[in-house]
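This report describes one part of a protein model. Please keep the sequence and the 3D view open while reading.

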Amino acid sequence: MFSTGMSPSSSAAAVSGATLEDHFWQPTAEESSSSTNEAFPFSSGNPRIEETRGVMHLFSNNGISDLPVERKPLVAVVGVPNHMTYADFCQFCASFIHHILEMRIVRLDGMEDRYSILIRFDTQDSTDKFYLHFNGRQFNSLEEEVCRVLFTVDVQFTGYSGSLEHTKPSPTSTTEQPSCPVCLERLDQDMGGILTTICNHSFHCSCISKWTDSSCPVCRYCQQQPEKSICFVCQTSENLWICVLCGFVGCGRYKGGHAIRHWKETQHCYSLELDTQRVWDYVGDNYVHRLIQSKTDGKLVELNSHCVHAYDGCGGCECADSGVSEALLKSKVEAIVNEYNELLATQLENQKLYFDTLLEEVKEETEREISEAVKKAIAQKLQKLQAKLDRCIKEKKFLDDLNENLVKNQEIWKAKISEIEEREKMALKIKDDKIQDLEEQLRDLMMSLEAGKKVEQQLSIPNELKDGTVLPISVESSSGKGPKGRKKANNPRES
């Protein structure tokens with residue numbers, strides 16, 4: 001089994017005679033010869049300080065739903081996303097947290113953005129229930145990532161690397177049981193489950209479940225490492241410098257020289273070398289840092305300007321005077337912090353002036369562009385209006401010519417109409433004269449006819465009286481037959 005001896009006092013346990021392998025199960029002959037398990041190399045610890053490597057043998061799933069016969073109350077949750085914190089995982093398996101004796105976070109080789117968890121339960125029954133409940137289950141409803149649980153055959157440690165000071169046993173580590181850094185209570189499995197982080201610091205599960213950050217509460221080591229920096233211009237990852245004012249990442253003068261070019265363009269004179277954490281002043285052409293990050297334990301230490309190893313790649317400054325008291329060191333750190341604050345304030349003021357100048361230039365450029373755009377728009381509009389005016393002038397000229405022609409035609413038509421009216425008047429007058437003449441002739445004719453009738457009537461009366469009798473006749477009959485008689489009388493004359 002694995003236990004909390006690998007946490008803060010793991011090195012002491014190793015030196016006192018207990019090997020790292022003693023904390024985990026050892027494979028039996030049957031387990032070693034079994035072909036149903038897979039080997040997964042893993043590592044744990046902060047690589048900058050110490051690193052523990054090992055191999056864990058897990059039962060392969062291969063789609064078999066039956067539980068392994070030789071299983072033990074030890075499982076491995078493989079491939080947990082890095083964005084899932086320790087508290088998130090504790091909340092995920094909260095229904096089984098009281099059955100968990102110990103959890104250990106490790107890194108599997110080949111899984112840079114994931115971590116795995118070794119979990120030891122109190123009984124085999126709770127282990128089987130955990131496997132059946134969580135294997136293949138989604139971590140949350142918003143992601144497609146599923147929980148992959150495998151039974152563990154055994155875990156073997158293959159090596160340890162780290163600085164000597166982390167392997168030295170402390171005077172109290174051999175006699176006193178380590179305590180939780182959060183609640184300061186001793187790390188006892190009887191009092192609750194124990195979780196060992198990726199950096200080999202152990203906590204009570206109830207304490208770490210309240211820590212919502214992804215970093216370790218002790219050393220602040222984050223399991224989700226940031227992406228590797230590259231030059232913003234040439235994309236190289238070697239000899240990189242970052243501007244301490246705006247965060248621009250550029251390569252050094254021995255690569256593409258984009259960092260110094262950034263200083264020339266923006267006047268940001270302080271740049272931090274990512275590899276050594278040293279600050280360079282382009283104006284003074286020298287290093288101006290006072291504190292650097294130690295490669296040994298990752299803490300900030302004062303840089304000794306008279307260090308004899310300064311040009312030999314000394315990163316930890318172990319050659320500093322060990323007799324300097326802690327109070328003096330704090331005062332120096334405060335002085336250095338004040339100096340840095342003043343430098344940053346000065347640079348920020350210069351930065352403000354620089355950006356004010358840029359804003360003024362941008363404003364002038366914008367006003368100039370707007371003015372040019374307005375002039376161009378006005379010119380285009382004037383051109384369109386002029387074309388429209390020319391077209392209207394042409395239309396007006398055409399309409400004037402048409403009106404003039406219409407006026408001329410109107411005069412001509414008026415003259416023709418007048419002439420036609422005169423003709424019609426003359427023709428009507430002639431027609432009236434003819435009608436009047438015909439009426440006179442007709443009247444004369446009628447008078448002559450009436451006169452002839454009267455004469456005939458006078459001549460025919462004696463003959464009628466001589467041969468006939470006189471009969472009374474009505475006026476109507478005589479008047480109705482008169483014209484007929486006249487007509488008959490007139491016929492001979494007409495013929």
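Gln267 sits in the loop between H6 and S11; helices (H or I, at least four residues) and strands (E, at least two) are DSSP runs, numbered from the N terminus. This is a predicted model, in which local features need pLDDT of at least 70 and side-chain atom pairs count only at pLDDT 80 or more, while totals for chains, interfaces and linings use all residues. Residues are numbered from 1 along each chain as its sequence is written, and side-chain values use heavy atoms, with hydrogens and water left out.

Most residues other than glycine have a negative phi. Gln267 has a positive phi, near 65°. Gln235 also has a positive phi, near 65°, and lies in the loop between H5 and S9. Gln235 is partly exposed, with a relative accessible area of 46% (buried means under 20%, exposed over 50%, partly exposed in between; 1.4 Å probe, protein chains only).

## The sheet

An open sheet is built from five strands in the order S10-S9-S11-S12-S13, with antiparallel pairing. Two strands pair if DSSP finds at least two bridges between them. Strand S10 (249-251) and strand S13 (286-287) are the edge strands, each pairing on one side only.

Three bridges join S11 (residues 270-273) to S12 (residues 279-281) in the antiparallel sense. Leu272 has Val279 in S12 as its bridge partner.

## Around Arg220

Arg220 is in the loop between helix H5 (205-208) and S9. Leaving aside neighbours within four places in sequence, Arg220 is in contact (heavy atoms within 4.5 Å) with Trp211 and Ser215. Arg220 and Cys199 are 21 residues apart in sequence, and their C-alpha atoms are 9.3 Å apart in space.
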